[in-house]
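Open the structure in your viewer and keep the selection tool ready. The tour goes from one selection to the next.

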Amino acid sequence: MNVCEYIPGLENIPAARSSISYVDGQEGILEYRGIRIEELAEKGSFLETAYLLIWGELPTKSELEIFEMDIRYHRRIKYRIRDMMKCFPETGHPMDALQTSAAALGLFYARRALDNPDYIRKAVVRLLAKIPTMVAASHQMRRGNDPIQPNDNLDYAANFLYMMTERKPDPLEARIFDVCLTLHAEHTMNASTFSAMVTASTLTDPYAVVASAVGTLAGPLHGGANEEVLRMLEEIGSVENVRPYIENCIVNKHKIMGFGHRVYKVKDPRANILQSLAEQLFEKTGHDEYYAIALEVEKVVEEKLGHKGIYANVDFYSGLVYRKLGIPSDLFTPLFAIARVAGWLAHWKEQLAVNRIFRPTQVYIGEHNMPYIPIEKRAMSQRNGH
Ligand code: CMC
């Protein structure tokens, strides 16, 4: 067997053959099952996109109706899951709450039958249906409120906003939120998808697959960046402060959140769409004080780092949209997870079809044949960091 060179971060190393999505990082192209993201965002809905990703083709009218109806029917969560969630500390991060709740689904839907299409379909429906309910419920409960029950008269996106606020959302707001979900639904072999696939490859249950992916998405270099962007805009505070702030980050080698991407070397196409959604919202509901700061940040980062291929990514404008929709910033990453469940499940299904357990290797750089030193003879440490 060939011994390969070690590549940190597995950059450019394929981990799968996949027909789910495609990115051209030089041209700024993203496709789901061959369809451009701009077209899906304009003409499709999130659930139609989820169906496309998971089952490989756009649903017919009746297939979509049945899929939507199934998901509506399964939105409620069991009272024991709710009771478990009531015990979570209010100060905990909603991503930790979501990871725990997603894993708990495995306790309640324990039968595992990965070769049964009916089991696969039910797991897909349950996860897509219940994850938004769990995010909204944990948000209500940390504020001391009872969760708001899903509203069967509302579609996927509108129902989530309703569970967050107990008011029926404006149709433009619901449509914009639905587009945000479509934009975040899938993105080739990113860290959380890789996590999902490694977990899937052990043939564990799909709730464990999603829970492990949620844990991976939570980090600030991945899904957690959207929350950090808003924190950065708050810290900058004014358009005049942008240039010194960015220059300071560059000098001190601090990453500017919402910029840079392993694959895109131009502006992320999803950032363009999100920026235009943010503008539509501002037009309807009023100006946002951070937008001018964000535009200036983008201008200065492009000027200073554009030559390195560092441009705005999906996380840069999503926070401004969510803020306008009245969503607290620590829920931005859970919203990413609600959408990305579709992509994780598509990769789960694809992995199962050709499964071989992931078992990479490592390049061992430690010692050999070291003596075992009795505890009383061990010197206090020249060992760093212990
Ligand atoms: N700000 C300043 N410099 C940057 C940034 C940034 N945001 N991103 C990359 N660079 C520089 C980095 O310092 C390095 O420079 P040099 O070669 O001079 O040392 C070079 O660009 C390559 O950076 P890297 O960290 O080796 O690149 P990577 O492909 O390993 O990381 C990334 C990609 C997304 C983790 C990184 O760009 C980053 O940390 N960005 C900020 C966090 C962020 O916005 N994450 C969301 C990513 S998109 C959605 C998602 O995946 O969830």
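A crossing of two helices is called left-handed if the near helix is turned anticlockwise from the far one by less than a right angle, and right-handed if it is turned clockwise. Keep in mind that this model is predicted.

**Stop 1: H6 and H16**

Select residues 117-142, which form helix H6, and residues 332-353, which form helix H16. Their axes come within 9 Å and cross at roughly 165°. Angles over 145 degrees count as roughly antiparallel, so H6 is roughly antiparallel to H16. The crossing of this pair is right-handed.

Now show the side chains at the contact. From H6, pick Ile120, Ala123, Val124, Leu127, Leu128, Ile131, Pro132 and Val135. The partners in H16 are Pro334, Ile338, Val341, Ala342, Leu345, Trp348, Lys349 and Leu352. Sorted by class, the contact of H6 with H16 has 15 nonpolar residues, one charged residue and no polar ones.

**Stop 2: H12 and H14**

Next, select helix H12, residues 242-251, and helix H14, residues 289-305. The axes of H12 and H14 are 9 Å apart, and the packing angle is about 45°. That makes H12 oblique to H14. H12 passes H14 in a right-handed crossing.

On the H12 side, display Val242, Arg243, Ile246, Glu247 and Ile250. These meet Ile293, Glu296, Val297, Val300, Val301, Glu303, Lys304 and Leu305 in H14. The contact of H12 with H14 has eight nonpolar and five charged residues, with no polar ones.

**Stop 3: aspartate 288**

Move to the loop between helix H13 (269-285) and helix H14, and select aspartate 288 there. Is aspartate 288 buried or exposed? Its relative accessible area is 4%, so aspartate 288 is buried.

Which backbone nitrogen does the side chain of aspartate 288 reach? It is that of tyrosine 290, at 2.6 Å. Leaving aside residues up to four places away in sequence, aspartate 288 touches Phe282, Leu320 and Arg323.

**Stop 4: glutamate 173**

Finish with glutamate 173, which lies in helix H8, residues 171-184. Glutamate 173 has a relative accessible area of 11% and is therefore buried.

Terms used. Residues numbered from 1 in each chain as written. Predicted model: local features only at pLDDT ≥ 70, side-chain atom pairs only at ≥ 80, totals over all residues. Heavy atoms only, no water. Axes fitted to C-alpha atoms, helices over the stretch in contact; angles between N-to-C directions. Helix = DSSP H or I, 4+ residues; strand = E, 2+ residues; numbered from the N terminus. Parallel < 35°, antiparallel > 145°, perpendicular 65-115°, else oblique. Contact = heavy atoms within 4.5 Å. Nonpolar A, V, L, I, M, F, W, Y, C, P; charged D, E, K, R; others polar. Buried < 20%, exposed > 50% of the residue type's maximum accessible area, 1.4 Å probe, protein only. Polar contact = N/O pair within 3.5 Å; in protein donor to acceptor, adjacent residues only side chain to side chain.
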